[in-house]
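This report covers a helix and a sheet in one protein model. Please read it alongside the sequence and the structure.

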Amino acid sequence: MNKPIVVGFNGSAGSAAALTWALQRASRQKLPVIVIHAVDDRWMSPDFEYHELIRESGMEMVGKAQASAGEQAPDVEVEARLQHGSAGRALREASKEASMVVVGAHDKHWLDGGPLTDRALQIVTASDCPAAIVPEKQGTSGRGVVVGVDGSEESLQAVAVAAAEADRGGDELTVVLAFRSPARWVENQLPASGLAETLVEEDRIVLAESVVGLGDKYPDLVVHQRLETATEPAKALVETAAGARLLVIGSRGRGGFSRAVLGSTAHAVLLNVPCPTIVTRVHKVKHSQD
């Protein structure tokens, strides 16, 4: 059975962009789509006079979403659902039976954070399947797939997903490992230590090991390795992926000194997504500190 792509829809331009992106993906992969709009009426009493009005408004939005989907991708089977309660919870539950959950990107202009600001991050964290964050404005000529690595098992999962995506779409793959070298004053306190050079060489090895086997599996895939030693990880990923078709990151990084390409850095990346960004969740990894 082909698992559906689930889209969170709230009528915003961001969620409309997410729907369009999901429909295009579903059409290529011949997958069904489930559009979910959640009416967060937990604070209301059933007797509240506007309760039915809000439900009807939600039904109208669901209907418009389904009609739009039908016009955009008539070859895709689309189901639209109205859910009651938290949007985050509704999408997390739907992720259990989905191939991917897709939501719109954070709207930086909403001072209150907006309904998808933290919920997108919650969904990424809790989703049982890969989650995609789609920016409202997307270039039509985006090329290439970018993936962030740091040597963790999660980032190796991300490389596997990114390579498959790049090969399927005929794109080149750019694998990025970024960290900021120790400050000069640190080096000065450690005479002839070569600390910076040692770290660079170690990460060059990690970067190379991250792409081992890709040439055998995808002989036609062009793979670029990019080591950034003077840029924060999130900034390096966002800048490298500007103009790309897709950015892929793992659900978390391995942590440690200047190695958080993902993990806490994912928050910064997802608040500044340069292109559609997939956060992989191929399988959960057990960490010693969990």
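How many residues has helix 5, and how far does helix 5 reach from its first C-alpha to its last? Helix 5 (residues 153-169) has 17 residues and reaches 25 Å, close to the 24 Å expected at 1.5 Å a residue; the expected span is 1.5 Å times one less than the number of residues.

## Basis

This is a predicted model, in which local features need pLDDT of at least 70 and side-chain atom pairs count only at pLDDT 80 or more, while totals for chains, interfaces and linings use all residues. Residues are numbered from 1 along each chain as its sequence is written, and side-chain values use heavy atoms, with hydrogens and water left out.

Helices (H or I, at least four residues) and strands (E, at least two) are DSSP runs, numbered from the N terminus.

## Helix 5

The buried residues (under 20% relative accessible area, 1.4 Å probe, protein chains only) of helix 5 include Glu154, Gln157, Ala158, Ala162 and Glu165. Just after helix 5, Gly170 has a positive phi of about 70°.

Ten strands form an open sheet with mixed pairing, in the order 3-2-1-4-5-10-9-6-7-8; two strands pair if DSSP finds at least two bridges between them. Strand 3 (78-84) and strand 8 (223-228) stand at the edges with a single partner strand each, so one side of each has no neighbour in the sheet.

Strand 2 (residues 33-39) pairs with strand 3 in the parallel sense over seven bridges. Val35 stands opposite Ala80 in strand 3.

Note on methods:
Buried means under 20% relative accessible area, exposed over 50%, partly exposed in between (1.4 Å probe, protein chains only).
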